[in-house]
Amino acid sequence: MLRIPCPFCGPRDETEFSYEGDASVTYPALDAPEEDWFEAVFLRDNPRGPHTELWHHANGCRAFLVVERDTLSHEIRSARLAHGPTREALE
Amino acid sequence: MQRYNLLSVICGGLTGQKHWQRVWGHPEPKPHYDVVIVGGGGHGLATAYYLAKEHKVRNVAVLEKGWLGGGNAGRNTTIVRSNYMIEGNTEFYEHSMKLWENLSHDLNYNVMFSQRAHVNLVFSPAQRDAMARRYNIMRLNGIDGEFWDRDTLRRRIPHLNHDHGRFPILGAYVQPRAGTARHDAVNWGYARAATALGVDIIQGCEVTGFIRKGGALTGVETSKGEILADRIGLAVAGSSSLMAHKAGLGKLPIESHVLQAYVSEPLKPVVDQVIVFGGVGHFYISQSDKGGLIFGGDLDHYNSYAQKGNLPVYEHVIAACMQVLPCLGRVRVLRQWAGLVDMSMDGSPFITKTEIPGLYLNAGWCYGGFKATPASGHTFAHTIARDAPHPANAGLTLSRYREGRQIDESGRGPVPKLH
């Protein structure tokens, strides 16, 4: 069982969260070349080791978190709010 | 190669079983091969076998970092089926099924392929309609499929929870030719048959890098030194992204996830078919010849290279088991394990040449790697030997994502954890 330290709720079980994938992906502008969209939608680094990823605290405070987790050891280094303004207000 | 037959069994029985020989060797790598296959799993070994057998390319090495059977070949739930609907998958998996049907004879090794039927339970009219569409399309494509109504299902599998209060079972869609095989035997059989044709299987040999000349790859750097090769095939599902980065392929449309499997204590025969509960939950179960119930369910749902699963999914799987087969409630689970799977962006694999000359890729197997083993090897060998795909893997390209031609069997979009 992963325990994810939600900034609002404290350490919570992974079963309260929904995994939303690689947080390092940034989506290009709508009129960006197809190649950029292809990369953002389909290609992933998929590292063995530290990974920045999105978790949605769906059965909790509903916030999206950016979590740094090791994909080999599952060690969680940090969890911050994904939404910039709220994060800045909180931190 | 020492042939296995009735006579050899009888002679062996009368001479104290002293006739058994090692079935594959432990050669040191040669400096050069025509083809080097990276990854000694089922797919890599099958590729080497078909290269040697069908394409007469016999100067072949299979490089395995660990040992044969230590990866996903030994970590799956042994189900073989070809109930696919989408072009690209149908012809490939049916090709695999046909190879399975003759595999034990072909390899002269009993892979214990048992066509005991794959029974997909349905719980709602909507699910029944969706499955009817799938199985009708299969039949039009020449793949067997049939519907078992409630009475038939009750007769065939009386101990299912037919009258579940909330989700009564409405029937099942069945592929009679589907079934199970002995997972280790598939690897051992391919390894033995490939060795007999002159293939070098080199265990404990990790590929750490690639040798380049111009834009092409001309060999691999390994923990046992440099090995030159005219062509290199990657069959390292689970770790495909890592090897692709090393080879200079860049990012792949893959996330590595963990898929768990479980086995119970051995029981007398109780599950005669492969029974699948999909939709509300996710659960599939069969029984090995040794008596253990082998079952599994969903992924752990987050990127992982851990080769061990987590408890929430375990709980889900057991809960699903109790919904459809409550008679197993007192059975004890003996072991639990997990394998790394390449979850691709459309749920389908790729067997293809790459943009790098000399490099061929076999990856993206999602849940489907074990049943694909014979066709994966067969078509990958064809792709490597002829530098062009076999008709059965012509659709399994890497470029399909760029071209907007995904083979998305479940229609879930580019979300690997959902496939």
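# A quick tour of chains A and B

Of the 91 residues that make up chain A, 16% count as buried. Before going further, keep in mind that this is a predicted model. Chain A has 2 helices and 6 strands, and it touches chain B through a contact that takes 18 residues from chain A and 22 residues from chain B. Here's what to look for, topic by topic.

**Chain A at a glance**

- Taken along the principal axes, the C-alpha atoms of chain A fill a box of roughly 40 × 30 × 20 Å.
- Take the contacts in chain A between residues at least 6 apart in sequence: 45% of them join residues at least 24 apart.

**The sheet in chain A**

- Four of the strands of chain A, in the order 3-4-5-6, form an open sheet with antiparallel pairing.
- At the edges sit strand 3 (18-22) and strand 6 (76-81) of chain A, each of which pairs on one side only.
- From one strand to the next, the twist averages 30 degrees.
- Zoom in on strand 5 (residues 64-70) of chain A and you'll find it joined to strand 6 of chain A by 5 bridges, with the two running antiparallel.

**Where chain A meets chain B**

- On the side of chain A that touches chain B, helix 1 (34-42) and strand 4 (50-56) of chain A each supply at least two residues.
- Helix 1 of chain A gives the largest share of that side, 3 residues.
- Sorted by class, the side of chain A that touches chain B has 8 nonpolar, 5 polar and 5 charged residues.

**Two helices packed together in chain B**

- Over in chain B, helix 2 (residues 42-54) packs with helix 10 (residues 369-386) at an angle of about 45 degrees, and their axes are 7 Å apart.
- How do you describe that angle? Angles from 65 to 115 degrees count as roughly perpendicular and those under 35 as roughly parallel, and helix 2 and helix 10 of chain B are therefore oblique to each other.
- The crossing of helix 2 and helix 10 of chain B is right-handed.
- On the helix 2 side of chain B, the residues making the contact include G42(B), H43(B), A46(B), Y50(B) and E54(B).
- On the helix 10 side of chain B, those making the contact include F370(B), P374(B), H378(B), F380(B) and I384(B).
- By class, the residues in the contact between helix 2 and helix 10 of chain B split into 10 nonpolar, 8 polar and 1 charged.

- Helix 1 (residues 6-14) of chain B is hardly covered, with 0 buried residues among its 9.
- After helix 1 of chain B comes G16(B), whose phi is positive, near 70 degrees.

**Loop residues worth a look in chain B**

- M112(B) lies in the loop between helix 4 and strand 4 of chain B.
- Phi of M112(B) is near 55 degrees, a positive value in a residue other than glycine.
- M112(B) has 18 other C-beta atoms within 10 Å, so it is partly exposed.
- Q115(B) is placed in the loop between helix 4 (103-107) and strand 4 (118-122) of chain B.
- Because Q115(B) has 17 C-beta neighbours inside 10 Å, it counts as partly exposed.
- Setting aside neighbours within four places in sequence, Q115(B) is in contact with R177(B), A178(B) and G179(B).
- Q115(B) and G281(B) are 166 residues apart along the chain, and their C-alpha atoms are separated by 25 Å.
- Q307(B) turns up in the loop between strand 15 (293-299) and helix 9 (311-324) of chain B.
- Phi of Q307(B) is near 55 degrees, which is positive in a residue other than glycine.
- With 15 other C-beta atoms within 10 Å, Q307(B) is partly exposed.

Definitions and conventions. Residues numbered from 1 in each chain as written. Chains lettered and ligands numbered in written order. Predicted model: local features only at pLDDT ≥ 70, side-chain atom pairs only at ≥ 80, totals over all residues. Contact = placed C-beta atoms within 7 Å. Nonpolar A, V, L, I, M, F, W, Y, C, P; charged D, E, K, R; others polar. Axes fitted to C-alpha atoms, helices over the stretch in contact; angles between N-to-C directions. Parallel < 35°, antiparallel > 145°, perpendicular 65-115°, else oblique. Left-handed = near helix turned anticlockwise from the far one by under 90°. Pairing = 2+ DSSP bridges. Buried ≥ 20, exposed ≤ 12 C-beta atoms within 10 Å, placed from the backbone.
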